[in-house]
Amino acid sequence: VDDWDRIMCSKYLLYFMRDELLDEIEMIPYADGKLSWPSPQPGPHEKYIEHIETMPSESPLFFGMHPNAEINFRTVQCDATFEMLQALSGGGAGAAGDDENAQSPMAIAEQICGEILEEVQ
């Protein structure tokens, strides 16, 4: 935790921890009316659980961001996933002429299994 985290937590506590919390304060303050979720009315524990289950799905509006901010996040996430898949499958790395000494994943697995068997025996 650094100083910026402490400042952010302090601001959230100043906003959320006040007497109006019991008077249905808006729990998503940065949504500008596009998304609403008021605080629960005082009641038994079960009512609080029910209220939490009605919480809207995660959205950039929770953090005061434009709804399109999620598009960039998902795009970057997909790019990273596909790069990882390419690295794991051995595809997309190098030109066509560089594949002469390359082994298939199955050949590599068989080679490693053979080495392990030699060490065990």
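1. R74 and E70 form a salt bridge in which the closest N and O atoms are 3.2 Å apart, a salt bridge being a side-chain nitrogen of Lys or Arg within 4 Å of a carboxyl oxygen of Asp or Glu. The two residues are four places apart in helix α3, so R74 and E70 are separated by about one helical turn. R74 is partly exposed, with a relative accessible area of 42%, and E70 is partly exposed too, at 29%; here buried means under 20% relative accessible area, exposed over 50%, and partly exposed in between (1.4 Å probe, protein chains only).

2. A word on the basis of these values: this is a predicted model, in which local features need pLDDT of at least 70 and side-chain atom pairs count only at pLDDT 80 or more, while totals for chains, interfaces and linings use all residues. Residues are numbered from 1 along each chain as its sequence is written, and side-chain values use heavy atoms, with hydrogens and water left out.

3. The count of salt bridges comes to two, and R6 with D3 forms one of them, at 3.3 Å from N to O. R6 and D3 are three residues apart in helix α1 (residues 3-16), and therefore separated by about one helical turn. R6 is partly exposed at 48%, whereas D3 counts as exposed at 55% relative accessibility.

4. Helices (H or I, at least four residues) and strands (E, at least two) are DSSP runs, numbered from the N terminus.

5. Of the 121 residues of the protein, 10% count as buried. The largest nonpolar core has six residues, namely I28, A31, L35, W37, L61 and F62, where a nonpolar core is a set of buried Ala, Val, Leu, Ile, Met, Phe, Trp, Tyr and Cys residues joined through side-chain atoms within 4.5 Å. Leaving aside residues up to four places away in sequence, W37 touches several others, among them I25, M27, H51 and P56, with contact meaning heavy atoms within 4.5 Å.

6. L88, which lies in helix α3 (residues 69-89), is exposed, with a relative accessible area of 65%.
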